Structures are given as C-alpha cells and as structure tokens.
Amino acid sequence: EIFQKAVGIAEDARDLCHVAESGANEAGLNDKKWAREILQKALGNAKVSIDFQEIAECAAKKEGLSDKKFAQDAYLKALNKAKDHFEFCSIAESIANEKYLNDKKLANMILQKTLEKAKSREGFRVIAESAVSALSDKKWSREVYQKAVALAVDANDYQDIAGSVAKELFLNDKKWARELYLIALEKAREC
C-alpha cells in the first residue's frame, strides 16, 4: 500500500524509477513484475536523456530489475534524447559500468561517435575524461586531451585542462598538468 501511495505522489520519471527500485529489491516488495510496470510508466513520463538513463540503470542493476534487455531499450531512448557531449559521455560511462550493462564495446562506440561531432575544447576534455572513466583507456584519453589543448585560447582554458589531466581519476599526469598550468600563467600575464 505504501508503494502505491509513492507511485501516486511521484512527480516525474526519476521518482517513479526510485519507487520501482524499492519495489524490486528484497528489502522492499521483492516484486520484479510490479517494478517493471512502474518502470514502464516511468518510460512514458521520461522527457530528457538523464531520465531514460536512470531508468536503464534501475532496470540493469541487480538491486533493480536485473533486466539487461529492458535497460538496453531505455539506453537507446536516452541516446536518442541526448543533445550534447555531456549527455552522450554520461550514457557511455553508465553503459560501461559493471553495475549496469558492463558493455565497454558499446561505450567505446558512443564515445567515438561523440568525438566525431566534438568541436569545442570542453567537449574534447569531457570525452577524454570519459575515455578513462568508462574504458580505462589513458592512451586514447591523452590523444583526445591533445585535441582540447589545440583549441585552448586563454588561461582559463589551459587551467581547466590541466586540472582534469592532474586528477587521479583521469590521467593523473602531474608533469603534463604542470606544463599546462605554466602556459595558463603565461596567458594570464599577457592580459
């Protein structure tokens, strides 16, 4: 009864997803059939790519439906709604995550397509970060970071890339980050 009330007060697809996940797991109703119905309703209410991505994650993980096919369909809808490199990279990282689909090949394809469309320094930086986060591919990430550096214009651009390159989560390359910070310092002095 409490789960039905939760469905009734859910304001959007993401709320419905949380209710479905609670209903699917053993600590909740442990009723995957009911949870699937709620996720179907969530799909109907979803509007933007992150909604579909969250539904896919709920469907894929073992605490949720543990239904890879349902998740794949929701990820496809997320990709169709995605508008920018942030959204495509987020979906790729999610698809590669072992808690969800654990599909590095598909994530790589998404990142490659995103790279083909990238035009901005920020876009290349985000893709480079995802290459490490999703694929653990530091070599390819470094190549994509180089594209970001090629488009850097001012101190803020270089500083942004340097901060990303230095993070342990990404390249963890303190030497290259220092070089980029020095360029940023020079650019700042030019102003």
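Helices α8 and α9 have axes that come within 8 Å and cross at roughly 170°, with axes taken as lines fitted to C-alpha atoms over the stretch in contact and angles running from 0 to 180 degrees between N-to-C directions. That makes α8 roughly antiparallel to α9, the label for angles over 145 degrees. Helices here are DSSP runs (H or I, at least four residues), numbered from the N terminus. On the α8 side, the contact (heavy atoms within 4.5 Å) is made by R121, F124, R125, I127, A128, E129, A131, V132 and L135. From α9 come K138, W140, S141, V144, Y145, K147, A148 and L151. Sorted by class, that gives 11 nonpolar, one polar and five charged residues; Ala, Val, Leu, Ile, Met, Phe, Trp, Tyr, Cys and Pro count as nonpolar, Asp, Glu, Lys and Arg as charged, and the others, Gly among them, as polar.

The model is a predicted one, so local features need pLDDT of at least 70 and side-chain atom pairs count only at pLDDT 80 or more, while totals for chains, interfaces and linings use all residues. Residues are numbered from 1 along each chain as its sequence is written, and side-chain values use heavy atoms, with hydrogens and water left out.

Y145 lies in α9 (residues 138–151) and W176 in α11 (residues 174–190), so the pair ties together parts that are 31 residues apart in sequence. Y145 is buried at 0% relative accessibility and W176 is buried at 10%, buried meaning under 20% relative accessible area with a 1.4 Å probe, protein chains only.

As for the largest nonpolar core, it has 65 residues, a core being a set of buried Ala, Val, Leu, Ile, Met, Phe, Trp, Tyr and Cys residues joined through side-chain atoms within 4.5 Å. Helix α8 (residues 121–135) gives the most to this core, with eight residues. L39 and I55 have the most contacts inside it. Beyond its neighbours within four places in sequence, I55 touches A13, C17, L39, A42, L43, A46, F70 and A74.

Most residues other than glycine have a negative phi. S66, between α4 and α5, has a phi near 60°, and N102, between α6 and α7, has one of about 55°.

Notes
Helices (H or I, at least four residues) and strands (E, at least two) are DSSP runs, numbered from the N terminus. Buried means under 20% relative accessible area, exposed over 50%, partly exposed in between (1.4 Å probe, protein chains only). Angles under 35 degrees count as roughly parallel, over 145 as roughly antiparallel, 65 to 115 as roughly perpendicular and the rest as oblique.
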